[in-house]
Amino acid sequence: MAAPERRGGELRRGAPGLLTRVRGYFRLHAQNLLGSLGRLARQPLASLLTVAVIGIAMALPAGLDVLVNNARALSAGWASAVDFSVYLEPGQPLARAETLAAEARGQADIVAVEVISAEEALAQLSRFTGMQAALEALDDNPLPHTLVVRPRPGLSAEAVSRLADGFESLEGIDLVQLDTAWVERFLAIVDIARRASGITLLLLGFAVVVIVGNTIRLDIENRRSEIEVMKLIGGSDGFIRRPFLYGGLWYGVIGGLLAVVFNASALLALAGPVQRLAGLYNADFALQGPGLTGLGVLVGGGALLGWLGAWVATSRHLRDIEPT
Amino acid sequence: MIRFEAVGKRYPGGGEALATLDLDIAAGEFVFLTGPSGAGKSTLLKLVALIERPSRGQVIVNGQNTRKVARRRIPQFRRGLGMVFQDHKLLADRSVFENVALPLLIAGYAERDINRRVRAALDLVGLADKAPRLPLTLSTGEQQRVGIARAVVSKPPLLIADEPTGNLDPALSLEIMRLFERFNELGVTLLIATHDIDLVTQLGHRRVELVSGQLVGDTGLGHGRA
Ligand SMILES: Nc1ncnc2c1ncn2[C@@H]1O[C@H](COP(=O)(O)OP(=O)(O)OP(=O)(O)O)[C@@H](O)[C@H]1O
Ligand SMILES: [Mg+2]
């Protein structure tokens with residue numbers, strides 16, 4: 001054996017100074033960060049299952065959010081892009097329709113007005129409906145002259161509605177038909193989907209906390225004797241807790257990254273069909289991914305939820321383990 | 001260094017483990033704690049290490065009344081003493097070096113200090129060449145010496161051991177006790193619970209004997225070596 005160094009009797013002799021302790025503290029954090037990752041890697045299957053479940057739980061609300069945002073983007077221009085039809089009273093002359101159209105074209109909020117005469121309307125009707133014979137049997141043309149008005153794009157739904165009301169009060173107008181009901185229905189559905197995605201977010205966020213909490217609880221149970229030893233040799237609660245907190249952090253971060261992968265795959269698979277569907281409504285629509293912000297939110301949110309789950313588990317269970 | 005004043009300990013749902021015990025151990029002493037099974041030896045050591053708290057009386061360790069040590073202060077308190085266990089209590093998934101380094105890591109020592117001190121402690125117990133090994137690849141006697149290195153690495157003034165030679169053959173037991181004697185020469189106070197009466201007689205240090213939680217014999221302060 002080598003010659004022993006002289007040992008003093010005082011308790012604090014050679015104890016590290018404040019600066020050393022602070023430096024040691026950060027080093028410990030770094031070691032714990034890597035150490036917890038290594039610990040996950042040592043049980044690859046169990047860890048993979050846990051992060052997969054977390055990934056799915058996080059991908060669902062995130063995916064819904066992407067869909068809702070796309071639906072909103074798709075419908076953004078609709079309310080104002082809707083033309084409305086202004087029907088003149090029967091018997092009003094075509095000249096009246098032309099006058100009204102000329103006046104309307106002068107309005108800033110209107111980009112185009114098309115006059116469809118009663119004759120043209122009848123011709124169209126008979127061409128499209130195949131009711132030619134029946135219509136020819138009529139003595140009089142039952143259809144009025146019509147203006148098809150296109151409001152300026154970007155106009156709010158209320159403004160379009162006010163515009164239409166303006167026509168209704170004019171002399172010689174029978175009826176104004178503003179067909180935005182289906183847009184409103186669509187927006188209502190999108191709104192429900194948005195709320196549903198919010199609720200899923202809450203529920204599945206809670207689920208992630210529970211999943212991580214439970215995993216960490218089992219981890220604590222498995223390392224019971226190690227924790228006892230740590231406490232015996234003077235490990236503080238914070239020291240013992242830290243690796244578990246970092247473990248939870250990793251579960252969340254990796255789960256969040258997985259959720260990004262899941263969503264990207266789903267988006268890729270859906271892009272084609274969605275593009276075709278959307279193209280029917282709005283030709284220059286492009287499916288939007290969650291973007292860098294979405295990635296950041298998923299990974300950051302995962303980190304937060306994982307940490308929270310581990311925090312709850314360690315708060316509840318580490319205290320119970322005492323050496324005997 | 002250790003003072004028991006009319007200490008009684010009753011476990012919940014158990015009998016009286018210690019009854020009105022008075023004991024005084026000065027700094028620098030080497031004390032054996034003996035007695036039949038169930039006498040209360042482990043209980044006494046647990047009161048010193050704040051693993052248990054007394055039901056009655058005061059336990060004063062290193063000038064600190066253990067009653068006044070709040071729960072969250074216990075880790076700090078325990079860093080002031082070294083503990084050696086019959087079953088070593090080493091962490092199986094960490095190397096010998098990492099096991100011995102743990103108390104220093106906990107106390108926040110700088111890395112090069114840790115290296116130096118761990119090497120010195122392993123040198124002291126004759127295991128310098130075993131640093132990278134895992135504990136389970138060592139013999140029982142070697143594992144016990146790793147446990148001792150861990151207990152002394154942060155140079156605590158007090159070392160307590162509960163049957164540290166319980167699993168060892170006589171030759172190894174003597175070797176371990178000689179190691180403790182060296183620490184004692186360096187000024188460390190030792191309190192060792194043991195069944196090994198032959199060894200106790202052979203070494204001739206102060207001996208405190210318990211039977212059924214009562215002090216039945218004490219060869220006295222300052223008996224044996226200084
Ligand atoms: N956690 C506990 N709960 C209840 N009773 C206990 C507990 N620990 C010890 N006892 C009792 O206290 C008494 C003293 O036990 P202790 O472990 O201190 O004896 P010991 O002298 O260390 O014995 P041994 O030589 O077998 O280790 C025994 O009667 C034991 O049954
Ligand atoms: Mg015992």
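Modeller: Let's begin with K130(B), which is in contact (heavy atoms within 4.5 Å) with V96(B), L138(B) and E142(B), once its neighbours within four places in sequence are left aside. This is a predicted model, in which local features need pLDDT of at least 70 and side-chain atom pairs count only at pLDDT 80 or more, while totals for chains, interfaces and linings use all residues.

K130(B) lies in the loop between helix 4 and helix 5 of chain B. Helices (H or I, at least four residues) and strands (E, at least two) are DSSP runs, numbered from the N terminus. With a relative accessible area of 15%, K130(B) is buried. That word means under 20% relative accessible area, with exposed meaning over 50% and partly exposed in between (1.4 Å probe, protein chains only).

Two other loop residues of chain B deserve a look. K155(B), in the loop between helix 5 and strand 7 (158–162), has a positive phi near 55° although this residue is not glycine. K155(B) also counts as buried, because its relative accessibility is 11%. L50(B), between helix 1 (41–48) and strand 4 (56–61), has a positive phi too, of about 60°, and is no glycine either. Its relative accessible area is 3%, so L50(B) is buried.

Next comes strand 3 of chain B, residues 30–34. Five of its five residues are buried, which means that the rest of the structure largely encloses this strand. One side carries F30(B), F32(B) and T34(B), the other V31(B) and L33(B), and both faces are covered. Strand 3 pairs in the parallel sense with strand 8 (residues 189–193) over four bridges, and pairing requires that DSSP finds at least two bridges between the strands. There, V31(B) has L191(B) as its bridge partner. Strand 9 (residues 206–211) is also a parallel partner of strand 3, again over four bridges, and F32(B) stands opposite R207(B) in strand 9.

Now for the partner chain. In all, 39 residues of chain B are in contact with 36 residues of chain A. The two chains bury about 3600 Å² between them, 55% of it on carbon and sulfur atoms; this is the accessible area (1.4 Å probe) that two parts lose on being put together, summed over both.

R39(A) forms a salt bridge with D93(B), the closest N and O atoms being 3.8 Å apart. Several elements of chain B give two or more residues to the side touching chain A, among them helix 2 (74–78), strand 6 (81–85) and helix 3 (96–107). Helix 4 of chain B gives the most, with six residues.

Conventions: Residues are numbered from 1 along each chain as its sequence is written. Chains are lettered from A and ligands numbered from 1 in the order in which they are written. Side-chain values use heavy atoms; hydrogens and water are left out. A salt bridge is a side-chain nitrogen of Lys or Arg within 4 Å of a carboxyl oxygen of Asp or Glu.
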